[in-house]
Amino acid sequence: MALFLTLWTVFLLALMHFSTCKSTESSDYLVFPIESLNTFIRSNEQCLDIEWTVNPHAYTLNLKMIFQIDIRRTTFSNIVENKNYTTTLIPNETLQWCWHSALPLECTSHLVRIRSMVDDERFPEFKFWSSWSSWWKSEGKDSSGQYHIFPVDKIYVEEDSNVTFCCISRTDNEKVDFSYEERYSQRTKLSPRTTMFEVNNVSFVRRGGSNAFCKFNSDNSNIQGVVVYITGVIEEPKNFSCQTRDLQTLNCTWDPGRDTFFPEKFIPTNYSLFEWFSQKKVNCVHRNWCTWQLTSDIQDMYNFTLTAENEVRKRRVDILFNVTQQVQPQLVGEISIKHVSETEATLKWKIIPNQKRLSFLCQIEVYHDGKVIQYNTSRSQFTLRELQPYTAYSTQVRCCTANHFWKWSEWKSKNFTTKEDVPSGALDVWRIVEPVSMGYNVKIFWKPLPTFQANGKIQNYIIVMKTLGEVHREDIFFSESDSNSTEKIIDQQSYEISVAAFNSVGSSTPSVIVVSGDTENSAQNITEERVNGTNDGIYLSWKPDPAKAEGYIVDWCNYPQDAVCDFQWRKFGPNTTSAIIRSAAFQPGVRYNFRIYGLSTKHEAYLLEKKTGYTQELALDCKPIVTVENLASTSLTLNWKDNCIDEPQYGFFNGYHIYMKSEVGGSCDQETEKQNFSDNIIVCKYTVPDTKQKTFNVKKLQPKSTYNFEVKAYTGGGDSLGSFIKVTTGTPENSNLIMTILFPMAFFSLLLIIGLNLKIQWVKEKCFPDIPDPYKSSVLSLMKFKGNIHQATLNTSDCIPDAIEVVNKSEISKMQGSRTLLMGNEITKPAYLYLLPTGKDALDSQTCICFENFTYRQDASDSDSSRQIQMIPTDPTRSVGPAEHLLNAEKDYIGSLDNIPAGEASLNYVSQLAPTGAISGDKGSTSSNLEAAPCSEYKMQMVMSTGLALSLLPEDDRPISVTSLDQLEKPC
Amino acid sequence: MEVGSSQRSLKPASDFLSVFQPVVPCLLSLLLEPFTLGVPLSLADPINQAYNLALYMQKNTSVLLQTYLQYQGSPFSDTGFSAPELQLSSLPPAAVPFMLWRGLGDGERLIQTRGAFSALAQHLQLVNDDQADLNPGSSVLLSQLAAARLWAQGLMGNMASVMTVLGVSIPPEVDALGPAPFGASAFERKCRGYVVTREYGHWTDRAVRDMALLKAKYVA
């Protein structure tokens, strides 16, 4: 054979060489047309199995060839498949290719033809297609003369896939109806007897399958159907792994993924394991795990293929591993405890697989008091040390392979208790000393030893009382294990009391305390201080003990109200002078009393301070009832009664709050605290910081106003309840106003009048003398100020009277009694004694100076000093009499008063002066020297109204001096 | 069309008794008496028993048919489904012209009916097996099919008692199915089951008429 192949190869090579010279005909030598062709239908797979052969020489050369395969359906002219199938020819191996058709192959005939081409690298020059084979026909059932539906029987398809059916009638062009779960189907007529129906995206309807059927109208009794079962798509198994617990059985697990719609019994998704080295296979019963029996010590490496398959699909997953690296050990049996002592215990356990080729690492965890301690060991036993005596421990152990970690074994647990030991430490002891008739009652308290100090079950307590006085005496008492106090009566002596706890092994260190009644007696003088509570508890602070205490003790009762008060104490070091006392028993509104002791080096306790306080004060549970007294227009008095007492409940009773609200609003005075509420209501709060005070005066109220008052007792926790009272103030009292204002005014007015009457003369002289003293006039001060006082003041010694008016006294008095003297038209004509020559001449030659008395017009005197008027005649022949002078003067004067307001100018006081020359005796002097001469005479001063003066003057040409009644002056 | 044209023999289905324990006590009086007492003393009792059983069966035939159709899917489960053209060659049709039926003798009438229930009992076993394959989770349907088969066998026994009293010879049972009909497709098996359950109802109706006629004739 080898010789033949060699010769054939040589022949071909020679042929190739020859082909280079004659290329047109060389292709025929390496072309292998199809020699035989056959087809088979595999209905289950919808596969058209095509088999063909070529010339045997092609197989001999192991040529790599390409086969082009054309497939078409009989009734169609077009090609439905054009496939290039490449393969290397192997002798005695059939050339085969399976064409999967969407349309069932029985529905119609299929025609197949093939041609070939050498595609071998060894012969790159010979790539020529052979001629096509003749069409090979695969017969369908469409010419059978029977009714059919294809596919037949029952088919399995995956969800959401497309399914193609065909209905074949007995004769040509029969009408056919197709139905599939009332779904739309695409109808295509393939031949006169075959109709194709395509249903897309089929979905699951029921476990019993969906029926697809053809109904032929030519024969109603003939229905051809097929049952379609829809299955979910098998997913590739995930997390496929295997492990062993004992190196005898391998347990493989995987995640099968989404479950299919059907139970495995109906559409079985079969899982199987195949091991390649041993070529063994097992079918798995379960869908997510499977077991495999190992051949111990023979095979360590395993190569598994997990296959999941159903009628439609097949999935595979491979895994390769060394079984000794996939070992999860397990602990068998109980963990045993050996050699348990007070502080040690040894654990022992058993591990499988127990094979020498495996080593393990074990982990031990010890739990106690909420804590865990972990140990590691490579052995199968371990000794725990430094344990607490008489203590329960919980341990657990797990192991893994040491050479290659795979998984920890499960935990295996064991509990044990260590043995008892002598109690360690000393009891925390304290006492209460209370005087009784026989001496003092001593209550001794102790706190049970914590477990870590008890070191066993406490069986009893021993109390030893030893006198410290001259007479030595020692008493021993026992107390039950569940007790925490005892009570003894002592006398006036000091006692040393020691308390110790016993368990089955021994005794604790005795706790010593010295008790004496004297220490309690000295406590009488210590005052109790108030302390404030905090959110955490009650804060206490104390002054450092000058005696340098060895420590401090604070004691109190958790339930001070109860008979069994739950006595508590805490000890502090010598450097601690404050603490927050906390207790779960503390309640708001309960007053707790604390006593702070110093502890001497001789174990003697002495009281330092007392404290009392609340964790949180509450408002008092009482309600003051308020009443009102002394209601006035602006004040009232509030009285109240209550049962508020400073008992040790609720809080420290500090006093009262009085709330006042005015219905008309208003503001609060300074004594009160103003409280504004959201609805703009203003409430004034008085604080009465005295619990004994039960009355309060409210002042500064508004008359005729309504007020609401409320009285509440207050503590640090707030106000108690209160009762309202509504009060309306009264109207203002006029009598009071008269009494307070008008009556004093009247009284003083009366006094003034009386006084004035008694001193009328003095007042008259001071205020309105009959003859005013010019030197006392304010005019003088004015003149003095102006420096010409001598011009303004007349010297009475120089006055030459020209007439004497004789006044009858009775007439005067008559005149004084009637004010109508000047007001009436009838004027009494006075009698004058003319001392100077009368007639016009006498007067004509005289000049007269008139001046206004400014003491009666202060404002006028201030305004202008030029009001002093001089009337100097320029022509003696034309000199006028005094009346004229006066008239002129009055005219001028009045004219000068025109500027004065009418009201103010109602009365004018005018004085007339006599000629100065007569006074000096120099009668011949003229007006030229008049200026040097002083005023000759001060005449009677007049007062008159402006109108009246004008009306009076024409009646008499004589110069007159007119004045009012009171100011009727005597001539000077 | 003819569904399942090749009919074959069936397996015995005695195991169905265990499935229907609750109905057994009430049926025992109907089923066992003819076999235990042998020839009855009077004609009325077996006729009444057969009549009562047929009446009881009649009340359940429509339920069986509807349950069966419901499990098969469309078109069987479609509202108003009916395919009278479907027949089984191995199962005699119950339909018969009235005068022909009326003209039959008592013995012949009983022989035909009993023979039909014999074939029905075999076919019900076949249908039960088919549904166990096609609808493995349909326990309700399977139990009703088993009960129907049991009642068919019971009615056969009752009718045999009547025939015995009437002096009618009881023909041996015939293998209606013949060789095992394993070649039927799933759809054909569904159709076959439909024909069996439908004909079971028709034959039950006819049995009631048969027994009523005998009752009127022999029972005062």
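**A friendly note on cysteines, a helix and an interface**

1. Let us start with one residue: A:Cys214 is buried, with a relative accessible area of 0%. Here buried means under 20% relative accessible area, exposed means over 50%, and partly exposed lies in between, using a 1.4 Å probe and protein chains only. Please keep in mind that this is a predicted model, in which local features need pLDDT of at least 70 and side-chain atom pairs count only at pLDDT 80 or more, while totals for chains, interfaces and linings use all residues. Residues are numbered from 1 along each chain as its sequence is written, chains are lettered from A and ligands numbered from 1 in the order in which they are written, and side-chain values use heavy atoms, with hydrogens and water left out.

2. What is A:Cys214 joined to? Its disulfide partner is A:Cys167, with an S to S distance of 1.7 Å. A disulfide is counted when a pair of cysteine sulfur atoms lies within 2.5 Å. The link of A:Cys167 and A:Cys214 is left-handed, with -70° about the S-S bond. It links distant parts of the chain: A:Cys167 sits in strand E10 (residues 163-168) of chain A and A:Cys214 in strand E14 (residues 210-216) of chain A, 47 residues apart. Helices (H or I, at least four residues) and strands (E, at least two) are DSSP runs, numbered from the N terminus. A:Cys167 is buried too, at a relative accessible area of 1%.

3. As background, a disulfide is a covalent bond between the sulfur atoms of two cysteines. Over all chains, the count comes to eight disulfides. Another one of them is formed by A:Cys557 and A:Cys565, whose sulfur atoms are 2.1 Å apart. A:Cys557 counts as buried at 19% relative accessibility, and A:Cys565 counts as buried at 16%.

4. Next comes the disulfide of A:Cys622 and A:Cys644, with an S to S distance of 1.8 Å. Why is it called right-handed? Because the torsion about the S-S bond of A:Cys622 and A:Cys644 is about 100°. This pair also links distant parts of the chain, 22 residues apart. A:Cys622 is in the loop between strand E43 (605-614) and strand E44 (625-629) of chain A, and A:Cys644 is in the loop between strand E45 (636-641) and strand E46 (655-662) of chain A. Both A:Cys622 and A:Cys644 are buried.

5. A:Cys400, by contrast, is in no disulfide. The nearest cysteine sulfur belongs to A:Cys399 and is 7.5 Å away. A:Cys400 is buried, with a relative accessible area of 3%.

6. Now look at helix H6 (residues 186-218) of chain B. Its 33 residues should span 48 Å at 1.5 Å a residue, and its end C-alpha atoms are 47 Å apart, which agrees. The expected span is 1.5 Å times one less than the number of residues. Is H6(B) largely enclosed or largely open? It is largely enclosed by the rest of the structure, because 24 of its 33 residues are buried.

7. A:Asn211, A:Ser221 and A:Ile223 supply 29% of the area that chain A buries against chain B, more than any other three residues.

8. One salt bridge is found across this interface. It pairs B:Asp133 with A:Lys154, the closest N and O atoms being 3.7 Å apart; the rule asks for a side-chain nitrogen of Lys or Arg within 4 Å of a carboxyl oxygen of Asp or Glu.

9. A:Gly439 counts as buried at 7% relative accessibility. Leaving out residues up to four places away in sequence, A:Gly439 touches A:Glu434 and A:Ile490. The C-alpha atoms of A:Gly439 and A:Ile490 are separated by 5.7 Å, although the two residues are 51 residues apart along the chain.

Methods. Buried area is the accessible area (1.4 Å probe) that two parts lose on being put together, summed over both. Contact means heavy atoms within 4.5 Å.
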